[in-house]
Amino acid sequence: MSILGKLKAWNPSIPYEILSLNISSKLSTNSDAIKESSKDFGKIVQEIFPAAVLYPSCVNDIIDLIQFSYGLSVPFSVAARGNGHCIRGQAMAKNGVIVEMKSLNNNNNNNNGNCGIRVSCLGFYADVGGEQLWIDVLRATLEHGLAPVSWTDYLHITVGGTLSNAGISGQTFRHGPQICNVHEMDIITGKGEFVTCSKHMNSELFFAVLGGLGQFGIITRARIVLDKAPTRVKWVRMLYDDFSKFTKDQEHLISIDGLDYVEGSLMMEQSPLNNWRSSFFSPSNQTKIGSLLSQNGIIYCLEMVKYYDDQTACTIDEELKKLVKGLNYLPGFMFKKDATFMEFLNRVRSGELELKSKGVWDVPHPWLNLFVPKSSINHFNAAIFVDIILRQNNPTGPILVYPTSRKKWDERMSAVIPEEETFYCVGLLHSSSGYDECKILDDQNEEILNYCDKAGINIKQYLPHYKTKESWIRHFGKKWNNFQQRKNQFDPKMILSTGQRIFN
């Protein structure tokens with residue numbers, strides 16, 4: 001679009017003088033671009049449109065944008081958008097500018113200073129652009145026989161996005177979340193300053209950004225911890241009809257050495273046994289499990305993985321046998337699978353592609369992710385899983401529940417977790433057929449949150465969403481004052497990530 005055309009379509013919330021900057025050719029006011037950047041995975045928040053979209057070719061483009069806004073008496077908001085995997089509009093910027101971070105990836109070979117993915121075999125780390133997808137990081141590091149140690153269940157999301165939240169999965173009990181496996185970062189602050197930071201250099205910014213929900217800066221590079229990569233995995237699922245036995249075994253498994261991944265999930269009659277998270281059970285096993293479900297209404301699935309390679313292939317079965325000894329799963333309901341390391345880590349992608357082929361992926365996703373203290377998990381099961389979710393019998397997606405350890409987290413970071421040493425990650429990963437069903441599921445989420453509040457179950461939301469500043473203050477608790485001070489230090493005009501609705 002020409003400068004004249006842009007002026008005609010220009011949103012007055014941004015001074016047209018921005019078109020005199022070098023980034024003007026990379027700014028779009030095209031209606032299709034605006035609409036596309038206003039979508040996210042959740043498809044719940046609608047019609048929060050930016051004034052323009054920036055497609056940066058280098059990090060300096062983002063610096064120029066933020067410095068321009070910061071220099072105004074009334075600045076406009078700026079939000080970094082990775083792969084659009086937010087649930088409730090967190091990466092939107094009403095009347096501001098969306099920065100399409102993946103545009104940097106299109107320009108990594110043009111000598112423009114972008115990071116891309118660079119692997120250090122000697123240092124056991126990878127320097128990775130914040131716009132990079134974790135699946136591409138995995139592929140690049142595996143070429144050197146290395147891999148990151150901490151993951152999310154889904155890999156087609158950006159490094160900057162997960163580090164702004166925490167990045168959790170079944171490896172968290174062993175290695176901590178992804179935010180605890182970063183050596184250093186390059187950050188563009190809300191003042192437009194480019195800062196390299198680590199635990200020992202500009203540490204206040206380093207700890208602020210990790211789990212900071214995009215409030216303090218945009219991550220343009222992260223140095224990720226690597227280790228020697230396995231080649232294959234033994235993948236085991238065991239079923240329980242007793243929640244206490246299920247959680248006791250999970251807690252035992254995360255307390256011992258030997259396993260690389262522990263998660264758990266619920267199975268109910270209204271949900272398919274094989275879902276988009278992974279296709280695990282054979283047709284004959286599904287029949288067997290279906291019969292068990294019809295008797296119990298709800299059963300619990302413990303999921304564990306042990307990595308191995310050519311050197312340990314001859315001992316892996318014996319090791320696994322020792323690890324499951326003494327567990328109280330239902331006899332005859334242990335299921336095993338052997339897979340490559342890549343197949344296991346990228347397991348969600350095949351389910352996603354299958355749903356996309358059927359046209360049933362592009363739907364609202366009213367997810368609710370919680371951290372539940374260990375002391376309340378049995379109460380949570382009885383009141384939430386059984387009395388609300390099972391009783392209401394709404395169609396739902398996967399429901400995850402698995403323990404992790406507080407000692408693997410760093411209290412200096414912005415991420416908020418329960419005070420107890422062991423707490424549970426609970427994910428209600430709903431998919432709805434349309435907006436009527438979405439409202440039903442969202443109302444159910446609200447009922448769950450209200451119950452926990454009244455019953456004194458001290459949950460913390462992961463990927464949090466609140467409607468009032470007071471709710472955010474309660475969420476951060478003793479971290480709030482520090483969080484607010486960091487905001488004043490690194491983004492004093494409150495330009496960044498206004499879609500989180502923390503300070504605005």
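How many bridges join β12 to strand β13, and in which sense do the two strands run? The legends below take that up first, then move on to other spots in this predicted model.

**Close-up 1. Strand β12 and its partner β13.**
The answer is 8 bridges, with β12 and β13 (residues 298–308) running antiparallel. With 8 of its 8 residues buried, β12 (residues 261–268) is largely enclosed by the rest of the structure.

Strand β11 (residues 232–240) is mostly covered, with 8 of its 9 residues buried.

**Close-up 2. Helix α5 and what it packs against.**
Helix α5 (residues 134–142) has a set of buried residues: Trp-134, Ile-135, Val-137, Leu-138, Ala-140 and Thr-141. What do the buried residues of α5 pack against? The strands are β5 (117–120), β6 (125–129), β7 (146–148) and β10 (217–228), and the helices are α6 (159–163) and α12 (341–345).

**Close-up 3. Helices α16 and α17 crossing.**
Helix α16 (residues 469–476) packs on helix α17 (residues 480–490) at an angle of about 115°, and their axes are 8 Å apart. That angle makes α16 roughly perpendicular to α17. From α16 come Lys-469, Trp-472, Ile-473 and Phe-476, and they meet Trp-480, Phe-483 and Gln-484 of α17. Sorted by class, the contact has 5 nonpolar residues, 1 polar and 1 charged.

Lys-478 forms a salt bridge with Glu-419, and the closest N and O atoms are 3.6 Å apart. Lys-478 sits in the loop between α16 and α17, whereas Glu-419 is in the loop between β16 (399–405) and β17 (422–428), so that the pair links distant parts of the chain, 59 residues apart. Are these two partners buried or exposed? Lys-478 is exposed, with a relative accessible area of 61%, and Glu-419 counts as exposed too, at 54%.

The structure holds 30 salt bridges, among them one between Lys-26 and Asp-61, whose closest N and O atoms are 2.8 Å apart. Lys-26 is in the loop between α1 (3–9) and β1 (27–28), and Asp-61 is in helix α3 (residues 59–70), 35 residues apart. At 5% relative accessibility, Asp-61 counts as buried.

Another pair is Asp-362 with Lys-43, where the closest N and O atoms are 2.7 Å apart. Asp-362 lies in the loop between α13 (347–357) and β15 (368–373) and Lys-43 in the loop between α2 (31–37) and β2 (52–54), so this pair ties together parts 319 residues apart in sequence. Asp-362 is exposed, with a relative accessible area of 58%.

Terms used
Residues are numbered from 1 along each chain as its sequence is written. This is a predicted model: local features need pLDDT of at least 70, side-chain atom pairs count only at pLDDT 80 or more; totals for chains, interfaces and linings use all residues. Side-chain values use heavy atoms; hydrogens and water are left out. Axes are lines fitted to C-alpha atoms, for helices over the stretch in contact, and angles run from 0 to 180 degrees between N-to-C directions. Helices (H or I, at least four residues) and strands (E, at least two) are DSSP runs, numbered from the N terminus. Angles under 35 degrees count as roughly parallel, over 145 as roughly antiparallel, 65 to 115 as roughly perpendicular and the rest as oblique. Contact means heavy atoms within 4.5 Å. Ala, Val, Leu, Ile, Met, Phe, Trp, Tyr, Cys and Pro count as nonpolar, Asp, Glu, Lys and Arg as charged, and the others, Gly among them, as polar. Buried means under 20% relative accessible area, exposed over 50%, partly exposed in between (1.4 Å probe, protein chains only). Two strands pair if DSSP finds at least two bridges between them. A salt bridge is a side-chain nitrogen of Lys or Arg within 4 Å of a carboxyl oxygen of Asp or Glu.
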